[in-house]
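User: I would like to go through this protein with a few questions. Please keep the answers plain.

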Amino acid sequence: MKTSKQILAAILSLTMIASLSACGLSSDKKGNNDDDKSSESEIRDEKDDKDNSDDDKADESEKDDSDGDKNDKSDKEESDSDNKYDRDDDSDDEDGNFKIKNGVLISYTGEDSRVVIPDGVKRIGPQSFWSIETLEAVELPSSVEVIDESAFWSCPALRFVSAEEGLKKINGTAFWSCSSLADVNLPSSVDGISSVAFANCSELTIHADAGSYAEKFADKNGIDHDNTFAEFVEKDSSTLIKPAQYAYSDFTEFTIEDEITEIGAEAFQYCKKLKTIDIPSNVKIIGGRAFEYCYGLEFVSVSGCEKMGEGAFSYCEGLKSVKLSNCAEIGEDAFEYCDALASVSISDGCTTIGDGAFEYCESLSDVKVPESVSMIGRSSFDYCSPDLVIHTPKGSYAESYAIANGIAYDNNF
């Protein structure tokens, strides 16, 4: 399953890397998301090229560019120093589950939830922790200077990263689409971070010293940040459906037990045969992309959810109807590209409809929005059916939003 996920994640996201880099993570990312996709062989070739870098050291800067960050000055400068560590050096060092070569961590084969990088490692190599589903926390010693492109690509459970003083560069798409990533501690020694290093990490807060490069980076890129370093806190697994726990499963129905309070990121991703899902009021958090690409899903009911993560039900192409009862926050892109979605009913208690929440739902014509909603993202209903009507109480925020955005509305709520 991991191999399939790696290929699919890469194919679906590679075009987005180039798009985001060129546009500076602009709102145009959705328009490019369904464009040309790279083939599986290209992904394999890219990795083979990295493993044979001694053929032409001058190609190092081209590899950084291929990860979608051609205009990132810090990445280009760092690529010039790649010769410092030769990935094809003959000396191997097996340290438990770590494969280390000449100071570069090449791969990790363990299944621990919390990983401490061995002291002496200077570089976290490309794809070394690619899409590891069990990984929740990573701690980097002071010896680590560079985190390479795609090092932690799409690790759905990764929540916490802490680096000691000594880290300098975070290259390319180092933490691309780590949907659960909430806390990253970065030292003052950091002087370069790729513009797409944390792309699609919507829950992220960067903790860094005041005035540091990391703080300025977070501020420039619209990432939450503060000056208090976080600590890793274990979660009660008995109340959690783990990230990616049921991804790629073939069941047609699923019952969520009463003790479950959180559905992890990507928990049901690519469950293509799932037809309906009823999420009860005991579930308070739905993780990012939890039901993404559930193509057979036709009906969704959510009751009492406090927070629905980014892209939670995105690309559910067969989804026709959604009922959200007392669901406080609908995350960004939550239902984007649900082509068949025709009607959405949101009951009182909802306060926020995130940017792009229903974008590209081309069949969406009827939406009920309660008076309790006080924020609707700018592109929440972009590219929906031309017959879209928002039903909302008179004088509500949703009514004002509809008027401002030229969307038809009435007060038949």
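User: Which residue with a positive phi follows α6?

Analyst: This is a predicted model, in which local features need pLDDT of at least 70, side-chain atom pairs count only at pLDDT 80 or more, and totals for chains, interfaces and linings use all residues. Residues are numbered from 1 along each chain as its sequence is written, and side-chain values use heavy atoms, with hydrogens and water left out. Helices (H or I, at least four residues) and strands (E, at least two) are DSSP runs, numbered from the N terminus. With a phi near 70°, the residue after α6 is G222.

User: Which residues of α6 are exposed?

Analyst: Buried means under 20% relative accessible area, exposed over 50%, and partly exposed in between (1.4 Å probe, protein chains only). In α6, residues 213-220, the buried ones are A214, E215, F217 and A218. They lie on the same side because they cover an arc of only 160° around the axis, taken from the directions from the helix axis to the C-beta atoms. On the other side, the exposed residues are K216, D219 and K220.

User: How many disulfides are there?

Analyst: A disulfide is a pair of cysteine sulfur atoms within 2.5 Å. The sulfur of C338 is 5.0 Å from the closest cysteine sulfur, in C361, so this is too far for a bond. C338 is buried, with a relative accessible area of 0%. By this rule the count is 0.
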